[in-house]
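Work through these exercises with the structure open beside you. Try each task before you read its solution.

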Amino acid sequence: GRKALHVVSAWSARNRLCLGQVACAEKSNEITAIPKLLRVLALEGALVTIDAMGCQKEIARTILGRKADYLLAVKGNQERLHDDIRAYAVAALEAGYEGIDHTFHETSGKGHGRIEYRCCRVFPDLSGIRDRADWPGLACIVEVTTDRTIGGKGSSETRYYISSRLLSARQALEASRGHWGV
């Protein structure tokens with residue numbers, strides 16, 4: 001008759017080690033547990049990646065206050081931000097990236113029964129982000145596209161991020177992939 005314990009974990013992708021965990025309070029979620037976990041970790045100099053649930057201005061402030069940087073996934077829970085990033089990325093694509101300040105990195109590989117191609121673009125121009133001043137330390141926006149073929153069937157996914165560290169496309173792609181290393 002007991003409910004499952006919902007836990008937020010801090011994972012070091014580089015060291016492949018769980019650094020800490022905080023249980024979510026009953027009738028709560030990750031948004032309240034993440035800041036508690038961030039406050040007990042030694043984060044100075046780290047790049048903290050969090051999925052879209054943690055894409056919150058106060059969480060960004062907490063990370064910066066711990067002398068670290070963030071790479072936060074952006075989805076529909078930050079609809080206006082998501083729309084602005086997507087519109088910027090689409091306009092850049094339509095312009096053939098001509099005159100658009102950005103870095104680019106791509107990788108491909110085979111494994112676990114699938115073929116994957118990944119490309120990442122990092123844009124330091126924040127002029128298209130209407131609420132950019134509300135996001136503390138915002139330095140760049142990131143677009144990651146993944147094309148997968150599994151058993152002859154293809155799929156494509158594009159994800160967006162914001163970061164307080166001006167990352168190269170290679171760094172952003174490695175960090176976004178490392179996030180799922182747990």
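This is a predicted model: local features need pLDDT of at least 70, side-chain atom pairs count only at pLDDT 80 or more; totals for chains, interfaces and linings use all residues.

**Exercise 1. Read the whole chain**

Task: Count the helices and strands of the protein chain, then give their order.

Solution. 
- Step 1. The chain has four helices and eight strands.
- Step 2. The elements run β-β-α-β-α-β-α-β-β-β-β-α.

Task: Compare the radius of gyration of the chain with that of a compact globule.

Solution. 
- Step 1. For 182 residues, a compact globule would have a radius of gyration near 16 Å.
- Step 2. The protein chain has 17 Å, which agrees.
- Step 3. Along the principal axes, the C-alpha atoms fill a box of roughly 55 × 45 × 30 Å.
- Step 4. Of the 182 residues, 39% are buried.
- Step 5. The chain exposes about 10,600 Å², and carbon and sulfur atoms supply 49% of that area.
- Step 6. Residues 24 or more positions apart account for 50% of them.

**Exercise 2. Two helices in contact**

Task: Work out how helix 1 and helix 2 lie relative to each other.

Solution. 
- Step 1. Locate the pair: helix 1 is residues 30–40 and helix 2 is residues 57–65.
- Step 2. Their axes come within 10 Å and cross at roughly 5°.
- Step 3. Angles under 35 degrees count as roughly parallel. Helix 1 and helix 2 are therefore roughly parallel to each other.
- Step 4. Helix 1 brings Ile 31, Ile 34, Pro 35, Leu 38 and Arg 39 to the contact, while helix 2 brings Ile 59, Thr 62 and Ile 63.
- Step 5. Sort these by class: six are nonpolar, one is polar and one is charged.

Task: Name the buried residues of helix 1 and the elements they pack against.

Solution. 
- Step 1. Ala 33, Ile 34, Pro 35, Leu 37 and Leu 38 are buried in helix 1.
- Step 2. The buried residues of this helix pack against strand 1 (7–12), strand 2 (17–23), strand 3 and helix 2.

**Exercise 3. Two cysteines**

Task: For Cys 55, find the location, the burial and the contacts.

Solution. 
- Step 1. Look in the loop between strand 3 (47–50) and helix 2, where Cys 55 is found.
- Step 2. Its relative accessibility is 0%, so Cys 55 counts as buried.
- Step 3. Set aside residues up to four places away in sequence. Cys 55 touches Leu 72, Ala 73, Val 74, Asn 77, Gln 78, Leu 81, Trp 135 and Ile 162.

Solution. 
- Step 1. Cys 120 has a relative accessible area of 0%, so Cys 120 is buried.
- Step 2. Beyond four places in sequence, its contacts include Phe 104, Val 142, Val 144 and Leu 173.
- Step 3. Ser 176 is 56 residues away along the chain, with 9.8 Å between the C-alpha atoms of Cys 120 and Ser 176.

**Exercise 4. Positive phi**

Task: Check the phi angles of Lys 67 and His 112, then describe where each residue sits.

Solution. 
- Step 1. Recall the background: most residues other than glycine have a negative phi.
- Step 2. Phi of Lys 67 is positive, near 60°. His 112 also has a positive phi, about 55°.
- Step 3. Lys 67 is in the loop between helix 2 and strand 4 (69–74). His 112 is in the loop between strand 5 (103–111) and strand 6 (114–123).
- Step 4. Exposed means over 50%. Lys 67 is exposed, at 58%, and His 112 is exposed, at 78%.

**Exercise 5. In between**

Task: Classify Leu 17 of strand 2 by its relative accessible area.

Solution. 
- Step 1. The value for Leu 17 is 46%, so Leu 17 is partly exposed.
- Step 2. Apart from neighbours within four places in sequence, Leu 17 is in contact with Ala 10, Trp 11 and Ser 12.
- Step 3. Leu 17 and Lys 67 are 50 residues apart in sequence and 21 Å apart in space, C-alpha to C-alpha.

Terms used: Residues are numbered from 1 along each chain as its sequence is written. Side-chain values use heavy atoms; hydrogens and water are left out. Axes are lines fitted to C-alpha atoms, for helices over the stretch in contact, and angles run from 0 to 180 degrees between N-to-C directions. Angles under 35 degrees count as roughly parallel, over 145 as roughly antiparallel, 65 to 115 as roughly perpendicular and the rest as oblique. Contact means heavy atoms within 4.5 Å. Ala, Val, Leu, Ile, Met, Phe, Trp, Tyr, Cys and Pro count as nonpolar, Asp, Glu, Lys and Arg as charged, and the others, Gly among them, as polar. Buried means under 20% relative accessible area, exposed over 50%, partly exposed in between (1.4 Å probe, protein chains only). The radius of gyration is taken over C-alpha atoms; the globule rule is 2.2 Å times the number of residues to the power 0.38. Accessible areas come from the Shrake-Rupley method with a 1.4 Å probe; for residues, only the protein chains shown count as cover.
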